[in-house]
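User: I would like to learn how to read a few features of a protein model. Can we go through them one at a time?

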Amino acid sequence: MNETFAVIGAGPSGLAAARTLQRAGLLWTGYELAGEVGGLWDINGPRSTVYESAHLISSRTTTQFTEHPMPDGTPDYPGHRALLAYFRDFADRFALRDGYRFHSEVVKAAPSEDGWDVTVRTPSGKTTTRHAGVLLANGTLSEPNVPELPGKFDGEVIHTSAYKRAAQLAGRRVLIVGAGNSGCDIAVDAVHHAASVDISVRRGYHFVPKYLFGRPADTLNQGRPLPARIKQAIDGRVLKLFTGDPTRFGFPAPDHRIYESHPIVNSLILHHLGHGDLAVRPDVARLDGDGVVFRDGTRGAYDLVILATGYRLHYPFVDPSLLRWRGAAPDLHLNIFSDAAPGLFVLGMIEASGIGWQGRYEQAELVAAYLLARRDAPERAAAFDAAVRGPRPDLSGGYRYLGLDRMAYYVNKDAYRTAVRAATAALRGEG
Ligand SMILES: Cc1cc2nc3c(=O)[nH]c(=O)nc-3n(C[C@H](O)[C@H](O)[C@H](O)COP(=O)(O)OP(=O)(O)OC[C@H]3O[C@@H](n4cnc5c(N)ncnc54)[C@H](O)[C@@H]3O)c2cc1C
């Protein structure tokens, strides 16, 4: 049997997996579709969904890998080029590139008698290799979620995944559908290039500025997590003082409390709304020739509609029954372990405010601890297997998340990291 584990993807999660397997002394081979490490932060990568103006939304100290801090002098919210350089540097420091096969797309991963058969397509053909297991880190923000809009449009409709640079907006009347983090970034780009800009929203959002009290907002209150209700009350009040009421700028009132959905971290969108550089419109009712009709019956004329409607999870090379899909996401223990497929581990399938790459790294540490326990401490591994089969732990941190598809794999970062660290310690026999 091949003792080598397959790592699929060389983005932050894949690199974290490669590094933690390396640290654990376990053998691994990485497969990466692109010709470079960095995942979606490589704007030229085939599955990348960043655009020229993309910067971190979480600040660097809460995002970076603990064992590889960004150099002094790095800005609080670096852009995608600096982040790609960071991941190249991480890979070089630990010689991770040597373990990767680039331009190698995994097209199938299936359990076999004594391991997993991984089929890879390269420019020179397809090959299948048997591995001891598979760590799947192919990303969560690459497969566009494209809603069917009724009606016909004479202009162009694209998804944000096809948006790369502001020149695409130049001189055009632009409608952005959805005010998530990418939608708001692109709206801000559009203000400087488009002939006109509207943003259509279905619901209200909570807007968090990038800086509060002169510091990156996510670096405040980093100590012991406050109970959900108290944090919501305090942060809600602070936001009211800093950003005011988003309904003043034309947004609907949020139908949820802060942190019950992913907050929008953007200091500029409200600024531009306040300057009349763009306008908020209701949900789209239908496309209508050279324009769009909205739910309130009003109409706008546009040349370009950009669907900022998010992404969906996509693991096309694994039999869905092995991932226990339930609705919009696989139902996995700690969002990693499937009770239907020992030897298959999903990394990076977490959405959370502030989980950072270190949160993803800790997922990989847990997988490595489990693999070592399976080899060296079978009773601890068996106890963990029982947990994988058992009821799912509450990872909400006490927040009542909106029941939306995009929230299907959402966790509270503190609850999640505490659970993952505790499981890792138990598998290592610590404490
Ligand atoms: C605009 C934008 C801003 C963001 N800002 C933040 C932020 O501030 N903080 C934060 O923590 N996160 C942020 N994110 C989320 C981002 O997804 C993570 O930072 C991180 O990139 C996730 O890493 P990953 O390795 O799981 O996935 P990815 O970075 O998507 O990497 C997946 C890799 O797998 C490869 N791959 C895919 N399919 C295959 C296959 N079949 N075979 C082989 N290889 C394959 C891809 O080519 C890619 O290299 C942002 C995302 C976007 C789009």
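Analyst: Start with Glu 143, which counts as buried at 16% relative accessibility. Buried means under 20% relative accessible area, exposed over 50%, partly exposed in between (1.4 Å probe, protein chains only). This is a predicted model: local features need pLDDT of at least 70, side-chain atom pairs count only at pLDDT 80 or more, and totals for chains, interfaces and linings use all residues. Residues are numbered from 1 along each chain as its sequence is written, and side-chain values use heavy atoms, with hydrogens and water left out.

User: Which side chain meets Glu 143 in a salt bridge?

Analyst: First the criterion: a side-chain nitrogen of Lys or Arg lies within 4 Å of a carboxyl oxygen of Asp or Glu. Here the partner of Glu 143 is Arg 312, at 3.8 Å from N to O. Arg 312 is in the loop between β20 (304-307) and α7 (320-323), and Glu 143 is in the loop between β7 (133-136) and β8, so the pair ties together parts 169 residues apart in sequence. Helices (H or I, at least four residues) and strands (E, at least two) are DSSP runs, numbered from the N terminus. Arg 312 counts as partly exposed, with 43% relative accessibility.

User: How many salt bridges does a search of the whole structure find?

Analyst: The search finds 29. One of them joins Arg 23 and Glu 67, with the closest N and O atoms 3.7 Å apart. Arg 23 lies in helix α1 (residues 12-24) and Glu 67 in the loop between α2 (60-63) and α3 (80-93), so this pair ties together parts 44 residues apart in sequence. Salt bridges can also link up: Glu 36, Arg 88, Asp 92 and Arg 97 form a network.

User: Asp 198 and Arg 281 also form a salt bridge. Is Asp 198 buried or exposed?

Analyst: Asp 198 is buried, at 11% relative accessible area. Arg 281 counts as buried too, at 17%. Their closest N and O atoms are 3.1 Å apart. The pair links distant parts of the chain: Asp 198 is in strand β11 (residues 196-200) and Arg 281 in strand β16 (residues 279-281), 83 residues apart.

User: What is the strand order in the open sheet of four strands?

Analyst: Pairing comes first: two strands pair if DSSP finds at least two bridges between them. The order is β8-β17-β18-β19, with mixed pairing. β8 (151-153) and β19 (299-301) are the edge strands, each pairing on one side only. From one strand to the next, the twist averages 35°. β8 and β17 (residues 284-289) run parallel and are joined by three bridges. Phe 153 has Gly 289 as its bridge partner in β17.

User: At what angle do α1 and α3 pack?

Analyst: Axes are lines fitted to C-alpha atoms, for helices over the stretch in contact, and angles run from 0 to 180 degrees between N-to-C directions. α1 and α3 pack at about 15°, with their axes 11 Å apart. That makes α1 roughly parallel to α3. Angles under 35 degrees count as roughly parallel, over 145 as roughly antiparallel, 65 to 115 as roughly perpendicular and the rest as oblique. Contact means heavy atoms within 4.5 Å. Pro 12, Leu 15 and Arg 19 in α1 meet Phe 87, Phe 90 and Ala 91 in α3.
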